[in-house]
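Please take a look at the sequence and the model, and then read on.

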Amino acid sequence: MTTLTQAPETPAARETPARRRRRVDRLPYLLLLPCLAIIGVLLLWPLGQVVAMSFFRLDNVRQLRGDRDWPWVGLGNYAEILGDPFFRTVLRNTVLFAAANVALTMILGTLVGLLLNRLGKRMATFVASCVMLAWATPALTGTIVWKWLFDDTSGLVTWLFNVLPDGLSNALFGRADWTGYGWFNSPLMFFSILTLVVVWHSFPFIAVSVLAGLKSVPSELHEAARVDGAGPWKVFWKITFPLLRPVFGILVVLSTIWDFKVFTQQFVLAGGTQDRPTFMLSIYSYAEAFSPPPKYGLGAAIAVILTLILLVVTGLYVRMVLKQEEDA
């Protein structure tokens, strides 16, 4: 009578289901490690350096190179910034500018997204391609073009106002000759042009994102609402907007972050950092850090304050989303 000998048990066979499950659960984290490493090197490390610089008095390039000591001032830079009345003016400019631009960008982008959703496939592709040209244009290039449009001698806007009949131009604006008119001299006019530039560059992303969200809404819901006699306005507020609320929330947060950090457009239109009445937080931080005499610690403190404001905005949005999920 022969006896069967049992094969030796391998480590894989001895592994319990719970242990195997824990090993599988670690896989997503291992896959995220390269991305987290890149984020840490390119984002978290410079951010940590800026936070550290904000606690020191740095007014010399040799200090940044490590040739001189960094005098510790603690919260002195923050106290100096927050106690400066000009900082409140800059903060007011930033908040008002961001609020106006977010509202205009969301409205225009949503309207264009709704339009693209109603057009035929070929026409929608053509219009979307034209719209995305503004998004694809680098901010520096686009701003230079807009600055040329408002040039006080050879700009297209100046030419258009000059071709108006003198009587009409005098009646509407109080002047007939617009050559040499400083479009960027008035803070109100400067912010109006800056808003035009930023909205022109930002709304295509909103439009395409809204269009993508609209494609996920079942057409049967819209058809049923129209059968019940609902108009386009009511269909949007009763069906489309509630279903796309998460999309709109993300777009509002992204637009807020982008508009709070506007720098390139303002720097190019203003021609540098001389126009202090139109300062916002980004260019204020740059001017304090690099305008002679340089104050790198103060500039870093302003950058940290701007980052904290954006973190608060993002945190409020995340809290709102979590609350909506709990209520649902």
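Predicted model: local features only at pLDDT ≥ 70, side-chain atom pairs only at ≥ 80, totals over all residues.

Residues are numbered from 1 along each chain as its sequence is written, and side-chain values use heavy atoms, with hydrogens and water left out.

Helices here are DSSP runs (H or I, at least four residues), numbered from the N terminus. Axes are lines fitted to C-alpha atoms over the stretch in contact, and angles run from 0 to 180 degrees between N-to-C directions.

| Helix pair | Axes come within | Crossing angle |
|---|---|---|
| α11 (residues 187–215) and α14 (residues 245–260) | 11 Å | roughly 160° |
| α6 and α11 | 6 Å | roughly 40° |

The angle between α6 and α11 makes this pair oblique, whereas α11 and α14 are roughly antiparallel to each other. Angles under 35 degrees count as roughly parallel, over 145 as roughly antiparallel, 65 to 115 as roughly perpendicular and the rest as oblique.

Which residues bring α11 and α14 together? On the α11 side they are Val198, Phe205, Ile206, Ser209 and Val210, and α14 supplies Val247, Phe248, Leu251, Leu254, Ser255, Trp258 and Asp259. Contact means heavy atoms within 4.5 Å. Sorted by class, this contact has 9 nonpolar, 2 polar and 1 charged residues. For α6 with α11, the counts are 17 nonpolar, 9 polar and 1 charged. Ala, Val, Leu, Ile, Met, Phe, Trp, Tyr, Cys and Pro count as nonpolar, Asp, Glu, Lys and Arg as charged, and the others, Gly among them, as polar.

Now for two single residues. Thr105 lies in helix α6 (residues 85–118) and is buried at 1% relative accessibility. Not counting residues up to four places away in sequence, Thr105 touches Val199, Ser202, Phe203 and Ile206. Gln265 sits in helix α15 (residues 264–270), and is buried too, with a relative accessible area of 10%. Buried means under 20% relative accessible area, exposed over 50%, and partly exposed in between (1.4 Å probe, protein chains only). Beyond its neighbours within four places in sequence, Gln265 is in contact with Ala139, Thr143, Leu194, Val197 and Val198.

One last stop is a peptide bond. Most peptide bonds are trans. Pro292 and Pro293, however, are joined by a cis peptide bond, with omega about -10°. Pro293 lies in the loop between α16 (281–290) and α17 (296–327).

Definitions and conventions
Helix = DSSP H or I, 4+ residues; strand = E, 2+ residues; numbered from the N terminus.
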